[in-house]
Amino acid sequence: MLELIKSYISDYDALKEIAERCLTTERWNGNVPLILLDAAITSVGVNYFQVVVPKVREFEKEFIKTGKVNSLSNLANFNYEEAFHIWKNRRSWQVAKEIAKYLSTLSNNDKEALRTWAKSSSLSNWKSDPIGKIKGVGLITYQYLRMMGGIDTVMPDKIVKRVINEILIKAGEKPLYDDIAFIHKVETLAKQTGYREVELCFMTWFKDNSERMPHMP
């Protein structure tokens, strides 16, 4: 299994750095409102590098760098119609705002708020979690947020499942389609191979797109 997974990784140093940035909440330069917007747009199933990254960068340029949105509490009260020219999906904005509203109650420090929540979160109780209960937050978004809050886990999106299941089949094992069972399987693979779960997750994103690694926020 280890050799099989190694064959899917073209640049482990870059992959490790991306995983490290995720686990230390340093994606998007540690800006939590941008991290939430990333997760909220990703949740609607669009292409990450072609859609999510450019849209979040636009928002960063117009609203973050100008100081119009400078904290979670700002984002929670943000009139997203002002940013409809960037992203016209009410569901995404509502998800970002509701998560920001909850996290802003945990700490005045945005990064500490996300990491505090992630540390107290769990996979088994995700549906009853304050963020898991937010309309529009599915298991994939929940797991993605946990990862960016410092938890070594995996998001069971279609790309991750396709690639990991391909590896399982090549290794003579059965593919797993149930999300929870799949997440637990990746946890087992991580223990067997020495790779972190987050590394295995991002490995699948870059399997055929290693040139995208430098563009990962």
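K68 is placed over the face of F63, at 5.6 Å from the ring centre; a charge is taken to sit over a ring if NZ of Lys or CZ of Arg is within 6 Å of the ring centre and within 35 degrees of the ring normal. The model is predicted, so local features need pLDDT of at least 70 and side-chain atom pairs count only at pLDDT 80 or more, whereas totals for chains, interfaces and linings use all residues. Residues are numbered from 1 along each chain as its sequence is written, and side-chain values use heavy atoms, with hydrogens and water left out.

Helices here are DSSP runs of H or I of at least four residues, numbered from the N terminus. W117 and Y142 are both buried (under 20% relative accessible area with a 1.4 Å probe, protein chains only).

The rings of F202 and W205 are likewise edge-to-face, since their centres are 5.4 Å apart and their planes stand at 85 degrees. F202 and W205 are 3 residues apart in helix α11 (residues 197-206), a separation of about one helical turn, and both are buried.

T193 is located in helix α10 (residues 179-193) and is buried, with a relative accessible area of 11%. A polar atom of the T193 side chain lies 2.8 Å from the backbone oxygen of L189. When residues up to four places away in sequence are not counted, T193 touches M1, L2 and I5 (contact means heavy atoms within 4.5 Å).

The largest pocket holds about 530 Å³ of space and is lined by 26 residues, of which V46, N47, Y48, D157 and I159 lie nearest its centre. Elements giving two or more residues to this lining are α4 (48-64), α8, α9 (158-170) and α11, and α9 provides the largest share, 4 residues. On a 1 Å grid over the protein atoms alone, a pocket is an open set of points where a 1.4 Å probe fits, with protein on both sides within 12 Å along at least five of seven lines, and lining residues have an atom within 4 Å of a point.

Key: Buried means under 20% relative accessible area, exposed over 50%, partly exposed in between (1.4 Å probe, protein chains only). Rings of Phe, Tyr and Trp (its six-membered ring) pair if their centres lie within 6.5 Å; planes under 30 degrees apart count as stacked, over 60 as edge-to-face and the rest as tilted. A polar contact is a pair of N or O atoms within 3.5 Å; within protein, one must be able to donate a hydrogen and the other to accept it, and residues adjacent in sequence count only if both atoms are side-chain atoms. Grid points are joined across faces, edges and corners, and a volume is the space filled by probe spheres set on the points.
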